[in-house]
Amino acid sequence: MTGQHALVLGGGGIAGIAWMTGLLTGLSEAGDDLTGADLIIGTSAGANVAAMLGSGLPLPELFARQAEPSRQSAEIMAELNVARLAAEIGGYLAGAKSPVEIQRRTGEYALAARTVPEAARRAVIEQRLPAHDWPASGIQVTAVDAETGELRVFDSASDASLVDAVAASSALPGIWPPVSIGGSRYIDGGVRSADNADLAAGFPRITVISPTGFHSLIPSSRPLRHAVARLRAAGSAVTVVVPDGRSAAAIGTNTLDPATRTPAARAGRAQGRAGLAANAAD
């Protein structure tokens, strides 16, 4: 660990990408620019935002790419039915005891699921990201090995392109295909934790931006509230930001719907303009 500040960006679908981008823009306008963090840890939607921040484009430009329909990238429409997804995955989890075993069996489900072709999904991520090279600044992108269930953290020193790493981190089981990297298949880092905030351990200051907040609809062996408590107990100053009421309404229930981008980005920006301290959640 080097540096003083780690920024943790959690999962939350297309809507989460837009909301976090808007929130970061609004926070910057309020004098709380978080983009200079020493390390940015991105999971799923957060991996996309981390890569966007590393592109070198200023926040107003990144915001416009989310909020203005004419600037938005093409997406594949998907319906996220959390109850149905949980029931399908649950059939694979009977008897699983350890977190890694749960993750491995979730990977088994993902590998068997019928989805769009991997190349089609990769093309979406490629178009979504404004730059395809790993940035000079430190970012880490989380994913889970679909065959072993182990966490994989990708960075600029990894054997993965930025596009593939972000696609892997965003490969929601049953919705998007696992991503092939170096002979292995990878699925969404949110399978381990919606935020993976524990990976920021050791940083004196940690800011967690979590579209799903403390009450994620998808159960995890590493819930955010527990991770934050451990980080604070170890001496880190942790600030958590979650959607306010207006932002939650804009994000909606189907976070994979491209139509959520404009309202979620605008609500996030309005929320961020109140400043970081006003948005700190307990």
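This is a predicted model: local features need pLDDT of at least 70, side-chain atom pairs count only at pLDDT 80 or more; totals for chains, interfaces and linings use all residues.
Q: Why is S184 called buried rather than exposed?
A: The relative accessible area of S184 is 18%. Buried means under 20% relative accessible area, and S184 is therefore classed as buried.

Q: Where does S184 lie, and which residues does S184 touch?
A: S184 has its place in strand β6. Leaving aside residues up to four places away in sequence, S184 touches D145 and V179. S184 and A146 are 38 residues apart in sequence, with 7.9 Å between their C-alpha atoms.

Q: What makes helix α2 largely enclosed by the rest of the structure?
A: Helix α2 covers residues 45-53, and nine of its nine residues are buried, so the helix is largely enclosed by the rest of the structure. Among the buried residues of α2 are N48, V49, M52 and L53.

Q: Why is α1 called roughly parallel to α10?
A: Helix α1 (residues 13-29) and helix α10 (residues 261-272) pack at an angle of about 30 degrees, and their axes are 6 Å apart. Angles under 35 degrees count as roughly parallel, and α1 is therefore roughly parallel to α10. The crossing of these helices, α1 and α10, is right-handed.

Q: Which residues bring α1 and α10 together?
A: On the α1 side, the residues include I14, A18, W19, L23 and L27, and these belong to a contact with α10 residues including R261, A264, A265 and R269. By class, the contact of α1 with α10 has eight nonpolar, six polar and three charged residues.

Q: How do you know that the span of helix α5 is close to what is expected?
A: Helix α5 (residues 99-112) has 14 residues and reaches 20 Å from its first C-alpha to its last. At 1.5 Å a residue, 20 Å is expected, and the span of α5 is close to that value.

Q: Which residues of α5 are buried, and what do the buried residues pack against?
A: Q103, R105, T106, G107, Y109 and A110 are buried in α5. The buried residues of α5 pack against α4 (82-93), β3 (139-145) and β6 (184-188).

Q: How do α4 and α5 cross, and what makes up their contact?
A: The axes of α4 and α5 come within 9 Å and cross at roughly 115 degrees; the crossing of α4 and α5 is right-handed. L85, E88, I89, Y92 and L93 in α4 meet α5 residues including I102, R105 and Y109. By class, the contact of α4 with α5 has seven nonpolar, one polar and three charged residues.

Note on methods: Residues are numbered from 1 along each chain as its sequence is written. Side-chain values use heavy atoms; hydrogens and water are left out. Helices (H or I, at least four residues) and strands (E, at least two) are DSSP runs, numbered from the N terminus. The expected span of a helix is 1.5 Å times one less than its number of residues. Buried means under 20% relative accessible area, exposed over 50%, partly exposed in between (1.4 Å probe, protein chains only). Contact means heavy atoms within 4.5 Å. Axes are lines fitted to C-alpha atoms, for helices over the stretch in contact, and angles run from 0 to 180 degrees between N-to-C directions. Angles under 35 degrees count as roughly parallel, over 145 as roughly antiparallel, 65 to 115 as roughly perpendicular and the rest as oblique. A crossing is left-handed if the near helix is turned anticlockwise from the far one by less than a right angle, and right-handed if clockwise. Ala, Val, Leu, Ile, Met, Phe, Trp, Tyr, Cys and Pro count as nonpolar, Asp, Glu, Lys and Arg as charged, and the others, Gly among them, as polar.
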